[in-house]
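Please read them with the structure open.

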Amino acid sequence: MFTVAVVNQKGGVGKTTVVLGLASAASSRGIDTLVVDLDPQGNATTGLGVFEPGRGVDAVLTEERPGGLAGVVEPGGWPPEVGPVPSLAASSPELSVREPQLATDPLGAQDRLALAMRPGLRAAPDDGSAAAPDDRLVLIDCPPSLGLLTVNALFAADTVLVVTEPGAWAVDGVGRMLQTIERIRMRRPDGRPGIAGIAVNRLGRTRDGRYWNEQLREAYPERCLPPVHLRAAVSEAAAQSMPIHALRRPGAAEAAAEFDELLARVAPLNDLTGTATSSPGDIASPETPTFMERSA
Ligand SMILES: Nc1ncnc2c1ncn2[C@@H]1O[C@H](COP(=O)(O)OP(=O)(O)O)[C@@H](O)[C@H]1O
Ligand SMILES: [Mg+2]
């Protein structure tokens with residue numbers, strides 16, 4: 001299992017869009033993916049084509065049961081043509097009242113999601129044999145704040161992807177996020193999460209966008225990843241609850257390629273696909289079983 005939290009304390013910068021784009025890219029490579037929707041607005045839930053979700057992730061944050069996340073995972077609603085359909089731990093509106101409630105826990109409630117994800121997401125089989133190795137990719141879509149929900153994501157993540165727009169105050173906002181990540185690292189015995197980098201999203205062709213993009217690159221030269229450009233196809237995919245890799249319209253293939261590249265920079269693809277040389281083409285061939293087949 002490899003877990004990526006997608007964060008920014010600001011709304012509308014493209015966290016959900018990037019989660020869905022990465023899920024689509026992972027699916028096209030045959031990677032078994034779980035999206036955890038921690039935003040009460042539930043845009044990743046509907047973006048994955050789930051309009052009447054089950055209990056969702058709120059239930060496991062309330063119950064504090066180790067390994068409990070597996071019990072709320074449900075299938076996503078994307079068409080299966082791209083690859084294995086990502087599954088979902090859905091959002092619900094109750095998540096917004098959960099956050100202030102969690103804050104009253106005298107033991108601290110910052111690691112409830114991490115606990116719910118332990119020891120892995122697949123339950124051991126009933127016959128006593130070992131559980132299948134969990135080679136799944138987990139993408140956590142965070143709410144637009146630095147509250148306890150985002151903190152829970154940071155305690156559960158192996159790595160963090162900071163998404164930002166190339167706009168005014170982006171450098172400050174990213175800086176504050178990086179400080180928060182550092183504070184959490186000091187508190188986690190494994191020294192995680194790592195920082196996958198900064199993805200500049202919705203980069204347009206305006207002079208303003210290029211200017212703020214440059215500012216970010218100057219401020220964080222080591223951390224900036226390849227950008228995701230502003231394209232109508234990207235918002236259309238989310239609005240149609242479709243993976244961008246399945247959308248047939250101008251700009252969709254270019255956007256899909258950007259998410260492919262971003263995924264390669266964020267997640268250890270060789271570990272996740274199990275074969276060092278695999279490419280999306282390989283996955284479909286009978287000699288190279290997909291994740292779902294191998295772990296079935
Ligand atoms: N690269 C992009 N090109 C075009 N539209 C985008 C792009 N990224 C995000 N959007 C649109 O911007 C809006 C906000 O994005 P969203 O992912 O919901 O942000 P967040 O999750 O950070 O609040 C959405 O309507 C989304 O479709
Ligand atoms: Mg969002």
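1. Is Arg 202 buried or exposed? Arg 202 is buried, because 21 other C-beta atoms lie within 10 Å. A residue counts as buried if 20 or more other C-beta atoms lie within 10 Å of its own, as exposed if 12 or fewer do, and as partly exposed in between, with C-beta atoms placed from the backbone.

2. This is a predicted model, in which local features need pLDDT of at least 70 and side-chain atom pairs count only at pLDDT 80 or more, while totals for chains, interfaces and linings use all residues. Residues are numbered from 1 along each chain as its sequence is written, and chains are lettered from A and ligands numbered from 1 in the order in which they are written.

3. Arg 202 sits in strand β7 (strands are DSSP runs of E, at least two residues; helices are runs of H or I, at least four; both are numbered from the N terminus). Leaving aside residues up to four places away in sequence, Arg 202 touches Gly 14, Glu 165 and Leu 230 (contact: C-beta atoms, placed from the backbone, within 7 Å). Gly 167 is 35 residues from Arg 202 along the chain, with 9.9 Å between their C-alpha atoms.

4. The open sheet has eight strands in the order β3-β4-β2-β5-β1-β6-β7-β8, and its pairing is mixed (two strands pair if DSSP finds at least two bridges between them). At the edges, β3 (73-75) and β8 (228-229) each pair on one side only.

5. Strands β1 (residues 2-7) and β6 (residues 159-164) are parallel partners over four bridges. Val 4 has Thr 159 as its bridge partner in β6.

Technical notes
Contact = placed C-beta atoms within 7 Å.
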